[in-house]
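Please view the sequence and the structure together before reading on.

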Amino acid sequence: MSEHGALIHARGLTKRFGGLTAVDEIDFDVQPGEAFGFLGPNGAGKSSTMRMIGCVSPISGGTLRVLDMDPAVEGARIRARLGVVPQLDNLDNELTVRENIIIYGRYFGLSRRELRVRAEELLDFVQLSERANDPVEPLSGGMKRRLTIARSLVNNPELLLLDEPTTGLDPQARHVVWDRLFRLKQQGVTLVLTTHYMDEAEQLCDRLVIMDQGKIAEEGSPLELIRRLSTREVVELRFVGDAPEIGPEVFDGKVARVEVLPDRILLYTDDGDALVPVAHERLQPQSVLVRRSTLEDVFLRLTGRTLVD
Amino acid sequence: MTGAFLAYEHWVVSYRRLWRASVVSSILNPILYLTALGIGLGKLVNHGAHPLGVSYVTYVAPGMLVAAGMNIAAFESTWPVMAAIRWTRVYHAMLSAPLRVRDVMVGHQLYFASRVATSTGVYLLALAAFGTLHSPYAVFAWPVAVLVGVAFSAPLAAYAAWAPKDSYMAAIFRFGIVPLFLFSGTFFPVTRLPEGLRQLAYATPLWHGVDLARHLTLGTVTWGMALVHVAYLVAFAAVGLWLAERTYAGKLVR
């Protein structure tokens with residue numbers, strides 16, 4: 001471990017592609033056993049950061065230590081102790097489910113004998129045992145993702161990197177993936193994930209950073225960020241046409257902040273129900289919804305934009 | 001180096017899924033070609049006499065052997081390399097494990113070489129069956145065909161890794177592999193080529209392989225000639241491997 005005890009230690013970490021700065025001097029530490037998230041829209045620099053941690057992208061500036069080693073010097077040794085779930089599946093489509101785990105385990109120099117046992121355990125863990133002898137190609141997106149996760153665990157990694165683990169999956173498949181990741185977390189595996197889904201970040205992350213345009217905008221636990229940067233509740237007003245341009249003054253100081261989006265108005269307040277009659281009376285919206293604040297609201301507050309367009 | 005063998009193992013395991021089709025073609029191809037060229041075309045060329053000094057089938061057989069090595073190497077090292085980078089992303093999977101870029105590149109080249117070795121091995125047996133081998137040295141035509149394979153698969157893998165579009169693959173066959181196949185001394189002596197084109201043929205790795213293999217099957221090989229041919233092919237392969245490692249790194253680690 002480094003003097004910080006962190007599994008990942010980054011200071012001023014920067015990634016440039018030609019003239020484009022994808023990651024712009026970010027600082028963060030990931031501690032053993034925690035689930036750490038990078039939340040941000042597409043193009044925020046999350047995947048570039050993950051690739052640097054995964055030792056397949058040289059850093060352009062700053063310092064990066066992974067498992068207390070330098071990725072530029074000891075990339076292969078670091079990768080031997082990492083699990084990687086990439087954004088784009090890279091399974092062997094023409095091989096069976098079981099063969100995929102075994103051949104991937106061979107890259108780590110594990111013997112075929114131990115891999116046969118390991119494959120059964122992992123397939124059981126991701127609930128794919130009955131598909132063990134099937135080829136990969138006809139599997140659903142959710143099953144492929146679970147297989148990719150199983151494969152990434154073949155070397156018993158200390159640190160699991162997941163780049164958008166549930167992007168493109170239907171809600172039910174996402175919940176199965178979350179459930180498995182939650183189990184891994186309970187077993188003490190350190191998770192580092194990127195996502196542009198606020199619900200995913202809230203479900204899985206003990207701590208997260210919000211990234212935007214290559215920079216870290218905020219850091220904290222999901223609850224702490226919401227408390228610090230948003231109100232307890234949000235009233236969403238939807239309109240038939242364009243939402244009217246209004247400010248907080250319309251509500252006599254009962255609203256901390258107003259966000260006017262193209263199709264709706266968000267009222268930030270600690271008591272949503274109290275606002276509903278006033279909103280109906282003064283703005284005549286098509287519909288009114290009271291909900292609790294989420295990370296989406298935090299992101300909107302920080303960047304003035306929504307996470308998923 | 002262990003890493004390269006682990007990467008190689010991946011390709012061998014994947015090959016088990018499609019070996020049937022390729023075994024059939026590696027047995028059928030030499031029989032079809034040697035029958036058509038030897039018994040069919042040969043009848044016309046030989047025309048009672050032997051203008052090439054030997055029967056046409058004997059002349060053309062080592063050329064076919066080495067050209068087969070080139071063709072297999074070229075097919076294996078173009079689309080599959082591009083796919084492993086862009087579509088199946090097999091290389092990326094290898095690099096998320098402790099394999100290095102060099103392991104990934106060398107492992108795939110080892111696989112190309114084994115595909116060439118097995119197919120040209122069958123080809124050599126067919127050559128023997130057609131009675132075209134006139135010297136015990138002929139057995140060395142086999143490693144020559146494999147070396148020619150690497151002299152093509154190495155630079156072609158670099159090309160496929162670099163190529164921005166898959167139409168570049170069809171282009172290299174149209175403007176590279178097919179003309180070489182026809183004009184590198186495979187079917188007729190390059191001395192028949194016009195000035196300029198002849199020198200071009202001498203510069204191609206296929207001609208070096210074909211010429212050496214022909215002298216080996218006819219038993220007319222000399223040490224000096226063998227050394228020059230082998231040195232040329234080794235140099236070609238070495239430069240190709242160096243280029244391949246560089247282009248792989250540029251695409252996979254960035």
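A crossing of two helices is left-handed if the near helix is turned anticlockwise from the far one by less than a right angle, and right-handed if clockwise. The model is predicted: local features need pLDDT of at least 70, side-chain atom pairs count only at pLDDT 80 or more, and totals for chains, interfaces and linings use all residues. Residues are numbered from 1 along each chain as its sequence is written, while chains are lettered from A and ligands numbered from 1 in the order in which they are written.

**Chain B**

Chain B contains eleven helices and zero strands; both kinds of element are DSSP runs numbered from the N terminus, helices (H or I) of at least four residues and strands (E) of at least two. The C-alpha atoms of chain B occupy a box of roughly 65 × 40 × 35 Å along the principal axes. The radius of gyration is taken over C-alpha atoms, and the globule rule is 2.2 Å times the number of residues to the power 0.38. For 254 residues a compact globule would have a value near 18 Å, and the 19 Å of chain B agrees with this.

Helix H6 (residues 101-129) and helix H11 (residues 223-252) of chain B pack at about 125 degrees, and their axes are 9 Å apart. Axes are lines fitted to C-alpha atoms, for helices over the stretch in contact, and angles run from 0 to 180 degrees between N-to-C directions. H6(B) is therefore oblique to H11(B); angles under 35 degrees count as roughly parallel, over 145 as roughly antiparallel, 65 to 115 as roughly perpendicular and the rest as oblique. The crossing of H6(B) with H11(B) is right-handed. H6(B) contributes Val101(B), Arg102(B), Val104(B), Met105(B) and Gln109(B) to the contact, and H11(B) contributes Leu241(B), Ala244(B), Glu245(B), Tyr248(B), Ala249(B) and Leu252(B). Residues are in contact if their C-beta atoms, placed from the backbone, lie within 7 Å. Of the residues in this contact, eight are nonpolar, one is polar and two are charged. Here Ala, Val, Leu, Ile, Met, Phe, Trp, Tyr, Cys and Pro count as nonpolar, Asp, Glu, Lys and Arg as charged, and the others, Gly among them, as polar.

**The interface**

Between the chains, 21 residues of chain B are in contact with 22 residues of chain A. Helix H1 (2-15) and helix H5 (90-96) of chain B each supply at least two residues of the side that touches chain A. That side of chain B comprises ten nonpolar, six polar and five charged residues.

**Strands and helices of chain A**

Strands of a sheet pair through backbone hydrogen bonds, either parallel or antiparallel. Two strands are taken as paired if DSSP finds at least two bridges between them.

| Strand pair | Direction | Bridges |
|---|---|---|
| S1(A) (residues 8-17) and S4(A) (residues 61-66) | antiparallel | five |
| S1(A) and S2(A) (residues 20-30) | antiparallel | seven |
| S3(A) (residues 35-39) and S7(A) (residues 190-195) | parallel | five |
| S10(A) (residues 233-238) and S12(A) (residues 264-269) | antiparallel | six |

Ile8(A) stands opposite Val66(A) in S4(A), and Phe17(A) has Leu20(A) in S2(A) as its bridge partner. The hairpin of S1(A) and S2(A) has two residues between the strands, and Gly18(A) there takes a positive phi near 60 degrees.

One open sheet of chain A has six strands in the order S5-S6-S7-S3-S8-S9, with mixed pairing. Strand S5 (82-85) and strand S9 (215-220) of chain A stand at its edges, each with a single partner strand, so one side of each lacks a neighbour in the sheet. Neighbouring strands of this sheet are turned by 15 degrees against each other on average, direction ignored.

Helix H5 (residues 141-152) and helix H6 (residues 171-186) of chain A pack at about 15 degrees, with axes 9 Å apart. H5(A) is therefore roughly parallel to H6(A), and the crossing of H5(A) with H6(A) is right-handed.

A further open sheet of chain A has four strands in the order S11-S12-S10-S13, with antiparallel pairing. In S12(A), Tyr268(A) is the bridge partner of Val234(A). Helix H9 (residues 272-283) of chain A lies across S10, S12 and S13 of chain A, at about 25 degrees to S10(A).

Key:
Two residues are in contact if their C-beta atoms, placed from the backbone, lie within 7 Å.
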